[in-house]
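Opened a new notebook page for this one.

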Amino acid sequence: MALFNFNRPADYVDAAREMAATGRPTLARLLAEEAADRTTDPAEADRIRAEFPGNTLRQED
């Protein structure tokens, strides 16, 4: 398992891809949502969310 340093949206996407590849789709989706939130380009954020489909898993207050 790789260790990740989360400084950029791409770091979250990389981690999401690894989680998806190792059978952890829920964690992959959460990491992808975080990557999308940290991305300044709305089109890129949409692309990230599309790569990891599913409903949001976040619990908002």
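Predicted model: local features only at pLDDT ≥ 70, side-chain atom pairs only at ≥ 80, totals over all residues.

**Surface and ground rules**

I looked up the accessible surface of the protein first: about 4,300 Å², with 51% of that belonging to carbon and sulfur atoms. Those areas come from the Shrake-Rupley method with a 1.4 Å probe, and for residues only the protein chains shown count as cover.

Numbering runs from 1 along each chain as its sequence is written, and side-chain values use heavy atoms, with hydrogens and water left out.

**Fold**

I found three helices and zero strands, in the order α-α-α along the sequence. Helices here are DSSP runs of H or I with at least four residues, strands are runs of E with at least two, and numbering goes from the N terminus.

I checked how much is buried (under 20% relative accessible area; exposed is over 50%, partly exposed in between; 1.4 Å probe, protein chains only). Buried residues make up 28% of the 61 residues.

Then contacts, meaning heavy atoms within 4.5 Å. Of those between residues at least 6 apart in sequence, 40% join residues at least 24 apart.

**Helix α1**

Which residues of α1 are buried? I got Asp11, Tyr12, Val13, Ala15, Ala16 and Met19. The buried residues of α1 pack against α2 (25-38) and α3 (42-51). After α1 comes Gly23, with a positive phi near 80 degrees.

**Rings**

I searched for aromatic pairs: rings of Phe, Tyr and Trp (its six-membered ring) with centres within 6.5 Å, stacked if the planes are under 30 degrees apart, edge-to-face over 60, tilted for the rest. The count came to one. Phe6 and Tyr12 have ring centres 4.7 Å apart and planes at 45 degrees, so the pair is tilted. Phe6 is partly exposed at 33% relative accessible area, whereas Tyr12 is buried at 11%.

**Core**

A nonpolar core here is a set of buried Ala, Val, Leu, Ile, Met, Phe, Trp, Tyr and Cys residues joined through side-chain atoms within 4.5 Å. The largest has 13 residues, and those with the most contacts inside it are Ala16, Ala28, Leu31, Ala32, Ala35, Ile48 and Phe52. Each of α1, α2 and α3 supplies at least two residues of this core.

I finished on Ala16: leaving out residues up to four places away in sequence, Ala16 touches Ala28, Leu31, Ala32 and Phe52.
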